Amino acid sequence: METVLDWLRPDWFFDLSVVGDDYNRARYLNGLWMTVKLSVICILLSLGIGILGAAIQGAKSRALRVSVGFFVAFFRNTPPLVQLYFFYFAIGTILRITGENGLPQPLVSSFGWAIISLSLFAGALNIEIFRSGVEAVPKATIEAAEALGYTRLQIYRYIVLPLALRISMSALGTNLVNLVKTTTLAYAIAVPELLYVAAQIWSEDLNVREMMNVLLLSYVGIVAVLVWVLHRWEKALRFPGYGG
Amino acid sequence: MKKAVTPEQIKGHLPVLLPTRKLMLSDIPLHDRLFNIWTAGALLIAFLASAIGPSFAQAGAGPARSIITILLDWTPSIAKAFGFNVLISIFAMAIGTVLGVGLGVLQVSPRAVIRRPAWLVTQFFRNSPWLVLLFYCILLIPFKITLFGVTIPFPGWIKAVIGLSLPVMAYMSEYMRGAINSIPTGQWESAQSLGFTRGQTMRDIILPQTIKRVLPPWMNLYAVLTMATPLVSIVGVSEVMSLTRAALSAEGRVDLLIPMYLYILCWFFIYCYPISTLTGRLERRYSVKL
Amino acid sequence: MPWTPDQPIISLKDVHKSFGQIEVLRGISMDVMKGEVVCIIGPSGSGKSTLIRCINALNDIQSGSITVEGQEVHDQKLDMLALRKKVGMVFQQYNLFPHKTALENVMMAPIKVLKQNRSEVELRARALLKKVRLEGKENAYPGELSGGQQQRVAIARSLAMNPDVMLFDEVTAALDPETVKEVLVTIKDLAAEGMTCILVTHEMGFAREIADCIYFTDKGVIVEYGPPQTFFENAKDPRTKQFLSQIL
């Protein structure tokens, strides 16, 4: 019984060295900045992969379509953590160059591998999201554009992509939020992001409970900002007659 | 019996673009059957190439075992550890589903006092990183709880199961809310006019009708959960990933790294891919019928 | 004061109802006697459907009073179940439960709500389905039935509660022309047996044939009412005349 009460003790923010202590605060803010950097770069790269991949899936070449399909199926059906380990521990160990001091140096840093791995993971899903968006664009609209003399590329650029993007918005939002949450995996390869620095702080100061709550709130905050941005974007894209 | 929405019913409709069903993560038809064979084939070839290739290169290097032999030697242990991952996923799914259905029903309550907190809990756990929730449960749940003289032990893996079930609960709650709201109001009204109370309507009329809608995202969620089980290795619960890394350091061979990781990826792929394929197929079938 | 059969079974007095800013019912009063068949007609948006939904307490009202068998409907203390047992309702969209067969649809409420004995309910439900001419369709799911058949199941489902009054809310509006008739025949049978019926309908010929009294509503008020003969041939109000000239 005592342990239960102890656990429920309402001093959740009792030992907030993150706020009070300059050193810890700086560390924490650096971690926050790292998480934001990771998130933003991965979001942009994954969007690029998504648009490119969806375009390729509409291509004539069967080989191209099949390889994109393979890429998507693989990254969607294997654990992101194992993917990350595969890149960092397996490929990263082999990809080494000889540094200035004559010792082998990793070609790509852990931060680099986190970006590559997470972008590919989220990008694979973005390809699917964009593709189903493209498929949802009514045939009649495309035919109307063809009748007006648009070229294939123009149709993709001016009609299909803008409409597909609007259709995909909600699924895309879910995936990008997931991506931000998944950046915590970088902890496993010692990228000093939010979770990593938080763990450092709580193992030094033994203020696990407080740090945990700060950490959760930080992520909820970051996600809230992202959701807000996506919402604004969706609103800006909205036009009468589609969506609620 | 939902009447088809005619274009006239949509305010200011465009003749060319009718609103499609809102896309969810799970709404994505993933797999052409073609990719099924291709993907499996390509994965197998990549794996074999990486496993056999180096073993040829090393053939002259002495009595070193071939990569294939090493992988085969480790396979029974890997299978056992992978079974543990599956066990964790099943427990977390069961707990998360039960809690999620309850929370989802609370989310559509007509009383704001119930609805708002349920929404808040759902959003909180849905938007928190899985790994952070795992840490939270591992570090903050005591290793045993004594309630009225009965001591309930909480070993690490049970705490991990709880940690994984929280996001499952939140996703499930959202799926339930969406599914319940998608049932036409006529169903509520006719049940009401037949004298059903709200609880009876929910249990006998509405919930049975949501199963069809919730099944595909639920299965997809299970695949996602299974792919999240290696996370528990980070918080110190041993499972297939911890075993793999232990095996790699025991063997101490650089040329084993790529084949071994690919091998583990294969295990997950073979387990999760059929689930995703089935999910996609169910979605397509129900999207036509419902 | 207990209700006696010589008093109106349903009585509305100065009923007002708004949805937000929009006033849908602006002082409706009407009396319906036991065994009477009443048709409510009028242009769309005139508040007909809202009117009968208020009788069943599916919508609440802002002021006025609605009584069923002498009991105030919009009373906080009212036993909802007692009201629902007395008043059956059939909807435009049938609203059958799609996951239950026709027979189960009919049996469900008596078993789950009234806690009646399953085997008795089943006997009654089969008889009701026979009565609405759906013998042999007991095990069909709503998705396998035509609109007209579904609507007749919906009628049987309401009748299974043994109501004293039946409300029909544009029950043929969503049906194909060829299946309208089978539903109307069913309603006619009911009326002939002495069931009190209130119908919102667009079927003027049918209204004229079966109604004891016709009410014409426009913009939330009752413009004119009377027996069908007088109503259709000697309408007094210009709004009624205009409406009838457009319809007939």
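In this predicted model, helix α8 (residues 152-182) and helix α10 (residues 208-237) of chain A pack at an angle of about 170 degrees, with their axes 10 Å apart. Axes here are lines fitted to C-alpha atoms, for helices over the stretch in contact, and angles run from 0 to 180 degrees between N-to-C directions. Because angles over 145 degrees count as roughly antiparallel, α8(A) is roughly antiparallel to α10(A). Helices (H or I, at least four residues) and strands (E, at least two) are DSSP runs, numbered from the N terminus.

Residues of α8(A), including L165(A), M169(A) and V180(A), meet residues of α10(A), including I222(A), L226(A) and L237(A); a contact requires C-beta atoms, placed from the backbone, within 7 Å. The residues of this contact divide into eleven nonpolar, one polar and two charged.

Chain C holds an open sheet of six strands in the order β6-β7-β8-β3-β9-β10, with mixed pairing; two strands pair if DSSP finds at least two bridges between them. β6(C) (87-90) and β10(C) (221-226) stand at the edges with a single partner strand each, so one side of each has no neighbour in the sheet. β9(C) (residues 213-218) runs antiparallel to β10(C), joined by five bridges. Y215(C) has Y225(C) in β10(C) as its bridge partner.

Between chains B and C, the contact takes 16 residues from chain B and 22 residues from chain C. On the chain B side, the largest share, six residues, comes from α6(B).

Residues are numbered from 1 along each chain as its sequence is written, and chains are lettered from A and ligands numbered from 1 in the order written. Local features need pLDDT of at least 70 and side-chain atom pairs pLDDT 80 or more, while totals for chains, interfaces and linings use all residues.

Technical notes
Two residues are in contact if their C-beta atoms, placed from the backbone, lie within 7 Å. Angles under 35 degrees count as roughly parallel, over 145 as roughly antiparallel, 65 to 115 as roughly perpendicular and the rest as oblique. Ala, Val, Leu, Ile, Met, Phe, Trp, Tyr, Cys and Pro count as nonpolar, Asp, Glu, Lys and Arg as charged, and the others, Gly among them, as polar.
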